[in-house]
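Here is a short tour of one protein model. Keep the sequence and the 3D view open while reading.

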Amino acid sequence: DALPEAEADAAPDAEDPRTVGALVAQVQEDEIGETLAALSDPGSGGFSTRYTGSPGIGEVAGFLAGQCSALGLEATLQPWEEEIDGTLYSAANVICELPGEVDPETVILIGAHYDSVAEDPDNDPAPGAGDNGSGVAAALELARVLSDTAPVVTLRFVFFAGEEQGFLGSLFYVDALDEDGLAAVELMLNLDQIGRINDPSE
């Protein structure tokens with residue numbers, strides 16, 4: 001039997017690029033690998049540390065903003081600083097946005113902290129491929145795949161610094177939102193340590 005008119009109208013369009021299957025098919029393992037290498041593999045020209053207290057943390061923020069801008073997203077930096085036990089941490093959250101076509105006031109937030117840490121972060125490298133290069137690389141791949149769609153609501157990708165010192169960047173971000181800004185966030189997807197070396201001995 002034919003579907004009732006209302007159900008037929010609601011049936012998914014097989015050609016709609018926003019369907020889950022169509023989006024998943026666009027995910028590229030190579031893209032994720034290249035991003036992860038840029039974030040955490042100094043041997044291939046990537047960053048050797050993403051420790052929030054390191055002098056180069058600003059370069060990492062700039063890299064992330066550049067990646068988002070290249071995808072056509074609106075990228076802004078949200079600088080912050082916080083003193084913890086006599087140490088002043090200064091960094092920036094990276095906010096990248098893809099405006100919604102139908103309901104731009106409603107926001108789905110995809111977040112990942114981009115900082116990392118080591119046992120002796122002032123002297124040792126802190127590449128943080130797993131924690132949390134994996135989450136950042138996945139968020140950027142989501143941004144790449146979704147950048148060619150026309151999302152119904154606004155998609156906001158936020159990369160936080162200072163997570164390892166006690167969620168400093170994310171707390172600053174939330175505190176900076178007014179009541180309407182908080183209410184606009186319908187869903188927050190946090191990508192943290194979503195991948196690691198696939199080696200049972202590790």
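Gln193 is found in the segment after strand 5. Its phi is near 55 degrees, a positive value in a residue other than glycine. The model is a predicted one.

Most residues other than glycine have a negative phi, and most peptide bonds are trans. Two further sites are worth a look. Asp85 lies in the loop between strand 1 and strand 2. Asp85 is not a glycine, yet has a positive phi of about 50 degrees. Asp85 is also exposed, because its relative accessible area is 80%, above the cut-off of 50%. The next site concerns a peptide bond. Asp131 and Asn132 are joined by a cis peptide bond, with omega at about 10 degrees. Asn132 is found in helix 5.

| Site | Backbone value |
|---|---|
| Asp85 | positive phi, about 50 degrees |
| Asp131 and Asn132 | cis peptide bond, omega about 10 degrees |
| Gln193 | positive phi, near 55 degrees |

## The chain as a whole

Now step back. The protein chain has seven helices and five strands. Read from the N terminus, the elements run α-α-α-α-β-β-β-α-β-α-α-β. The protein chain has 202 residues, and buried residues make up 39% of them. Take the contacts in the chain with a separation of 6 or more: 71% of them come from residues 24 or more positions apart.

In which order do the five strands of the open sheet stand? The order is 1-2-4-3-5, and the pairing is mixed. Strand 1 and strand 5 stand at the edges with a single partner strand each, so one side of each has no neighbour in the sheet. On average, neighbouring strands are turned by 20 degrees against each other, direction ignored.

Strands of a sheet pair through backbone hydrogen bonds, either parallel or antiparallel. Start with strand 1 (residues 74–84). Glu74 has Glu97 in strand 2 as its bridge partner. The two strands form a hairpin with two residues between them, and Asp85 sits in the turn.

Strand 2 also pairs with strand 4, again in the antiparallel sense, over five bridges. Here Leu98 stands opposite Leu155 in strand 4. Is strand 2 (residues 87–98) largely enclosed or largely open? Nine of its 12 residues are buried, so strand 2 is largely enclosed by the rest of the structure.

A helix belongs to this picture too. Helix 4 (residues 57–70) lies across strand 1, strand 2 and strand 4. Helix 4 runs at about 0 degrees to strand 2.

## A buried tyrosine in a loop

Tyr51 lies in the loop between helix 3 (29–40) and helix 4. Is Tyr51 buried or exposed? Tyr51 is buried, because its relative accessible area is 8%, under the cut-off of 20%.

What does Tyr51 touch, leaving aside residues up to four places away in sequence? Its contacts are Ile57, Tyr89, Ser116, Val117, Pro121, Asp122, Ala126 and Gln165. Take Ala126, which is 75 residues from Tyr51 along the chain. The C-alpha atoms of Tyr51 and Ala126 are separated by 6.2 Å.

## The largest pocket

Rolling a probe the size of a water molecule over the atoms shows where empty space is left. The largest pocket holds about 480 Å³ of space. Lining it are 21 residues, and those closest to its centre are Leu23, Leu142, Val145, Leu146 and Leu155.

Which elements give two or more residues to this lining? They are helix 2 (20–25), strand 3 (103–113), helix 5 (129–146), strand 4 (153–160) and strand 5 (185–190). Helix 5 gives the most, with five residues. By class, the lining has 18 nonpolar, one polar and two charged residues.

Some names now return. Leu155, among the residues closest to the pocket centre, stands opposite Leu98. Helix 5, which gives the most to the lining, also holds Asn132.

Technical notes
Residues numbered from 1 in each chain as written. Predicted model: local features only at pLDDT ≥ 70, side-chain atom pairs only at ≥ 80, totals over all residues. Heavy atoms only, no water. 1 Å grid on protein atoms, 1.4 Å probe; cavity = no way out; pocket = protein on both sides within 12 Å on 5 of 7 lines; lining within 4 Å. Points joined across faces, edges and corners; volume = space filled by probe spheres on them. Helix = DSSP H or I, 4+ residues; strand = E, 2+ residues; numbered from the N terminus. Nonpolar A, V, L, I, M, F, W, Y, C, P; charged D, E, K, R; others polar. Buried < 20%, exposed > 50% of the residue type's maximum accessible area, 1.4 Å probe, protein only. Pairing = 2+ DSSP bridges. Axes fitted to C-alpha atoms, helices over the stretch in contact; angles between N-to-C directions. Contact = heavy atoms within 4.5 Å.
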